[in-house]
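These are my notebook entries on one structure. I record what I looked up, entry by entry.

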Amino acid sequence: MKRPELISRILIVAGILLAVGAPLFLWARTPLIHARMAEDGGWNPDVIQAETGKPLHLKLTSDDVVHGFAVGQMDMQSVDILPGKVTEITLTFDKPGIYTFFCTRWCGLNHWRMRGTIEVTGGWISSPQGAHPSLLLFPSTFLSTWTLTLRTTRLLFQMKSHQQ
Amino acid sequence: MNRIELTRIPFIKNTLKSRYPQLAVFIVMLVGYIFAILAGLIGTPVGSHNFSIVFVWIAWWAILILVAVPFFGRGWCAVCPIPLPGEWLQRGAVLAPPDKRPKWLNLRVPKMFRNIWMQNISFLLLALFSSVLLTTPNITGIVLAAMLFAAIGLSAIFERRAFCRYLCPVGGFIGLYSQTAPIELRIKDKQVCVKCEGKPCYNGSDAGYGCPWDVFPGGMTKNTFCGLCMECIRTCPHDNIAINLRPFSADLAKPSTRMDEAFKAFIMLGSAIIYAGVLLGPWGSFKDAAYNVGSGAWFIYATVFLATIFIVLPGLFTLGIMTTKGRQSLKQRFMSLSTALIPLGLMFWVAFSLSFVLTNASYILAALSDPLGLGWNLFGTANAAWQPMLTTILAPAQTLALVVGLVWSARTAQKVNEAGASTIPVIVYCFVATSIMLWLLL
């Protein structure tokens with residue numbers, strides 16, 4: 001085989017391998033949490049593992065409409081998750097347990113069903129604040145009121161669906 | 001205006017004759033094509049942020065319909081990467097001189113398929129699912145992959161580029177509209193071809209392969225089936241092949257004599273009108289019907305789509321030309337006068353494409369920096385906001401395109417019409433179609 005032919009073949013094969021391999025490699029190394037309307041599957045994955053004291057880096061993206069992300073039992077501001085965009089957030093847990101995360105945007109009829117859990121293992125980390133995210137933007141009193149409103153709304157929906 | 005032979009310029013001639021520049025472009029295109037497939041399959045399902053949707057249906061489409069086809073005819077086919085893997089398989093080499101023994105089955109495509117009906121069908125298949133195809137990355141990825149594998153499979157069974165020549169849904173309309181382009185590949189002297197032994201441009205030689213598009217350049221009078229692969233420039237032992245600049249629509253002076261090509265003109269004209277109504281119009285129910293594939297509404301949409309293309313548009317055209325008398329049969333006049341719809345259809349597509357390309361072009365910047373929707377920012381443009389471009393000139397540009405199309409079609413109708421017969425029905429037909437398109441777009 002002549003040299004130009006060999007080089008051409010190598011270039012084509014290398015190009016194909018690059019075009020296939022590079023995106024697959026990078027895609028596999030970028031775990032995303034996908035948000036979809038509850039009717040289409042909700043959070044994926046909907047169970048996340050974490051350890052106390054170790055920062056949990058989450059990359060969230062929406063596959064359909066604007067969603068929001070917040071974790072119950074934590075003083076944190078909810079973050080918006082835009083379609084096709086990636087939102088990054090870092091959480092640190094001081095106490096082990098099962099935390100619920102949920103959508104904070106009115107994303108669809110079953111919005112209130114859009115929940116997942118973060119299973120935090122490990123020992124207690126002493127902290128005057130308790131569990132906290134690295135992203136603390138709103139006063140906890142505001143968040144408590146907001147969480148209460150959200151829970152009341154959920155209860156109303158649950159009651160309505162029971163009645164139906 | 002006489003033709004200007006571009007291959008007289010040594011740089012152009014040497015560039016076209018050498019395989020390396022074309023191969024380099026092929027490889028880059030192939031990498032991009034495969035990346036588009038992967039992006040469609042594993043990237044974000046949000047179409048406006050996925051490389052496959054943004055680069056195939058916005059960037060590539062804009063280049064194809066606004067630049068490549070009107071000015072370079074089948075210029076896209078000259079660099080399209082789809083045939084590259086199949087040709088390597090078929091020839092057993094990328095650059096080396098052709099082997100005398102065929103590597104695979106090397107069958108001739110059956111005569112009944114040696115036309116563009118299969119291309120008409122493949123285009124319509126995509127057109128019927130276009131609302132989903134144009135917005136859903138994984139469907140785009142699957143379709144792109146299917147085209148690549150179909151080309152490879154057909155290369156193993158049939159000789160030459162059977163996929164490009166007879167099946168490619170894009171190649172069909174590029175071929176039709178390439179007749180309007182101001183560029184052509186033609187022989188310089190017919191007598192040289194008559195006397196040439198072995199016809200290496202068609203059969204191949206040590207210098208290169210026989211025409212991959214199954215065209216004998218010596219008999220070529222139209223751009224329709226010449227893929228501008230430049231193989232004949234390399235194989236011609238008499239330096240008798242030229243690339244010429246010529247007036248726009250030079251091929252249209254020779255009217256169409258084929259029913260498959262006549263219907264292609266109606267398919268393209270009808271598709272542009274329907275797309276303008278469904279994709280750009282204000283009717284939500286039309287969009288829902290087109291998007292919800294398999295639903296009752298979609299079947300109605302598909303029926304209306306096909307009826308418009310195969311019955312309404314050709315039927316009204318036939319009724320129009322029936323009112324005129326001529327020496328040719330009605331069928332001949334139908335095929336011949338349908339040539340007038342080629343420039344009209346092209347300008348309909350230009351006007352339609354201007355609308356969605358200028359509206360959505362800003363997505364290109366974001367998709368360039370984050371092609372898979374994984375949160376990258378390669379060029380710092382990942383967060384570029386969506387911003388419609390050149391909105392102030394959009395309507396005038398579309399109007400201008402449609403008016404140019406109408407005038408161009410009227411001129412073409414006069415050229416292809418037999419002496420003595422009236423072209424008024426064809427011009428009225430084109431005028432009504434243009435008015436409908438203008439109403440839909442504006």
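**Entry 1: the two chains.** How many residues of chain B are in contact with chain A? I found that 22 residues of chain B are in contact with 26 residues of chain A, two residues being in contact if their C-beta atoms, placed from the backbone, lie within 7 Å. The side of chain B that touches chain A divides into 17 nonpolar, five polar and no charged residues. Here Ala, Val, Leu, Ile, Met, Phe, Trp, Tyr, Cys and Pro count as nonpolar, Asp, Glu, Lys and Arg as charged, and the others, Gly among them, as polar.

I note that this is a predicted model, in which local features need pLDDT of at least 70 and side-chain atom pairs count only at pLDDT 80 or more, while totals for chains, interfaces and linings use all residues. Residues are numbered from 1 along each chain as its sequence is written, and chains are lettered from A and ligands numbered from 1 in the order in which they are written.

**Entry 2: domains of chain B.** I looked up the domain assignment, which gives domain 1 (1-253) and domain 2 (255-441); such bounds come from an automatic or database assignment. The centres of the two domains, taken over C-alpha atoms, are separated by 23 Å. I found 38 residues of domain 1 in contact with 36 residues of domain 2. On the side of domain 1 that touches domain 2, α3(B) gives the most, with 10 residues. Helices (H or I, at least four residues) and strands (E, at least two) are DSSP runs, numbered from the N terminus. That side of domain 1 divides into 26 nonpolar, 12 polar and no charged residues.

**Entry 3: the sheet of chain B.** Three strands form an open sheet in the order β1-β3-β2, with antiparallel pairing; two strands pair if DSSP finds at least two bridges between them. The edge strands are β1 (4-5) and β2, each of which pairs on one side only. I counted five bridges between β2(B) and strand β3 (residues 241-245), and B:Asn244 is the bridge partner of B:Glu184.

Why is strand β2 of chain B largely enclosed by the rest of the structure? Five of its five residues (183-187) are buried, so the strand is largely enclosed. A residue is buried if 20 or more other C-beta atoms lie within 10 Å of its own, exposed if 12 or fewer, and partly exposed in between. I saw that B:Ile183, B:Leu185 and B:Ile187 point one way, and B:Glu184 and B:Arg186 the other way. In a regular strand the side chains alternate between the two faces of the sheet.

**Entry 4: the nonpolar cores.** A nonpolar core is a set of buried Ala, Val, Leu, Ile, Met, Phe, Trp, Tyr and Cys residues joined through C-beta atoms within 7 Å. The largest has 126 residues, and B:Ala351 and B:Met437 are among those with the most contacts inside it. Helix α14 (residues 259-279) of chain B gives the most to this core, with 13 residues. A second, separate core of 22 residues includes A:Met37 and A:Trp43.

**Entry 5: B:Val350.** I located B:Val350 in helix α18 (residues 341-360) of chain B. B:Val350 is buried, with 23 other C-beta atoms within 10 Å. Leaving aside neighbours within four places in sequence, B:Val350 is in contact with B:Ile65, B:Leu66 and B:Ala401.
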